[in-house]
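Reader: I am new to protein structures. Please pick one part of this chain and take me through it closely, then show me where it sits in the whole.

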Amino acid sequence: MKYATKLLLSYLLLSVLSFTIILISVNKAIDYFSFVTIEKQMMEKADMCELTFREILTKHEKLKAQGLAPDVPESALETLKASAKEVRIYDSNLKLKGLAVGGIRVNNGTPLIFKGNIEKALKGNYSYTVTENKLIYFAIPIQDQFYENVYVFELVENISYFYDIMDKIRYILFIGAGGFIFLITLSSLYIARKTTKPIKYLLGATERFSKQQFEHVELHRKDELGMLAAGLNQMGIQLKDYIQYQKQFVSNVSHELKTPLAAISGFSQYLYEGENEDKDLQKIYFHLVNESERLTMLINELLILSRFDKADQLELNTEKTDLSKLINSVVLDLKSKADKQEITIEVNLEKAVFVYVNKILMSHAVANILDNAIRYSSPKTHIKVETFVRQTEAVIKISDQGIGIDQSDILRVHERFYRAKNSNAAKGSGLGLSICKEIVEKFNGHLEIESEIGVGTTVAMILPFT
Ligand code: ATP
Ligand code: MG
């Protein structure tokens, strides 16, 4: 997952999570607030009713003392019947003593009774229940002059209007939450883009560094990223200088060695070809000739590479070249080497494939790859050399049935002096493929290497027509 996506997702997750927590808490607070408000309203009403009820009770106590027998619930109901949508009066035996609905007394009603509330009220506590159809049943204890809970007065009110208000508040809150999350998404997107832009720039710079393309790296900012860019830039400068120095050193040494090596090579050849009876000396001379030839080849390769390093001065002299002619002549040059190991070379060339290259350099590159194919193959195997056209490119493909290259080495075999794990199979300096790569790249082409240990290797040189 990309860093920007990770950043965006974590921002979103965090904000959605915190907003959900806020939303749940606010929702709970609204619930709490609504019940507290309803309770307060009902209590105020209950206090009024209780007061009136108790006045009636006191008045009737006096009448009782005078020998009369007044009906308390009857009088209380008559006075308080319009104080709620529905009012009820219960005695201390939980018996319904009076009921009024909408201010009208009802005699034979069978209303829904919350017994628990009435029992609680008879113990002196206010108690209520809210039903699903948003009716509140509020039971009020009524005490006589001896503080005995003798009656329960119950109010039934419709509180749906309150729920409607709360639902509206919740609706507004949810709309706000939606807007907030939308804004958070937009700002996270912006922040993620803004944060990853310089990182992408630095990543691009390191990628170019790995291809030895050193360019100035700078971020106009004073934070850690700015410092990282400055550090990277410094590293690039040092790396470039170091590589330049290394190349210059190799080039100077190669130049210095060229003349004495030519002398050594010439003299050893002279000694080897001269009259000599001593077999041991003859062997030594032979060895000298071989090694000085190998060294001469190495120096020549190093000099080619140093010419490439001074690319500006390198005169390429490209010309329209018939690939089949060029390849046939390279194959001819190396045929005797292949014959020595009884390796057969099959040549399969498409006719009239022309590319713009420097003939000498290109022959050198093809020869290097064919030489590898022969060198890293067992005797009596087969090598295939093909050329063909692929879209807008010419392909030169050399496949062998040799020892193959390990996958971990494939990406590195074209580095200078790099030899794969299999390299003890033959002598070499590890420069051949790096020269091929540089030559092909000079003509805007590239190398493709495929290989399997024990099966063989295919190296393709791809050259564009333009
Ligand atoms: P030289 O500079 O003399 O060519 P070299 O052959 O070792 O030396 P390269 O041609 O650059 O160097 O090849 C690099 C390494 O890649 C070789 O050492 C070898 O391990 C591996 N290699 C190249 N071509 C083949 C091949 N056809 N089959 C197996 N291994 C190969
Ligand atoms: Mg080689």
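Author: Start with the hairpin formed by β10 and β11. This is a predicted model. Between the two strands of the hairpin lie 2 residues. Look at Q391 in the turn: Q391 has a positive phi of about 50 degrees.

Now follow the strands themselves. β10 covers residues 382-390, and β11 covers residues 393-399. They run antiparallel, and 7 bridges join them. To find your place across this pair, take T387, which stands opposite I396 in β11.

Next, turn to another partner of β10. Strand β8, residues 344-349, also pairs with β10. Here the direction is parallel, and 6 bridges make the link. As you trace the strands, keep one rule in mind. In a regular strand, side chains alternate between the two faces of the sheet.

Now step back to the whole chain. The protein chain has 10 helices and 13 strands. Its radius of gyration is 50 Å, while the globule rule gives 23 Å for 466 residues, so the chain is more spread out than a compact globule. Along the principal axes, the C-alpha atoms fill a box of roughly 165 × 50 × 50 Å. Of the 466 residues, 21% are buried. Contacts complete the picture. Take those between residues at least 6 apart in sequence: 62% of them join residues at least 24 apart.

Methods. Residues numbered from 1 in each chain as written. Chains lettered and ligands numbered in written order. Predicted model: local features only at pLDDT ≥ 70, side-chain atom pairs only at ≥ 80, totals over all residues. Helix = DSSP H or I, 4+ residues; strand = E, 2+ residues; numbered from the N terminus. Rg over C-alpha atoms; globule rule 2.2 N^0.38 Å. Buried ≥ 20, exposed ≤ 12 C-beta atoms within 10 Å, placed from the backbone. Contact = placed C-beta atoms within 7 Å. Pairing = 2+ DSSP bridges.
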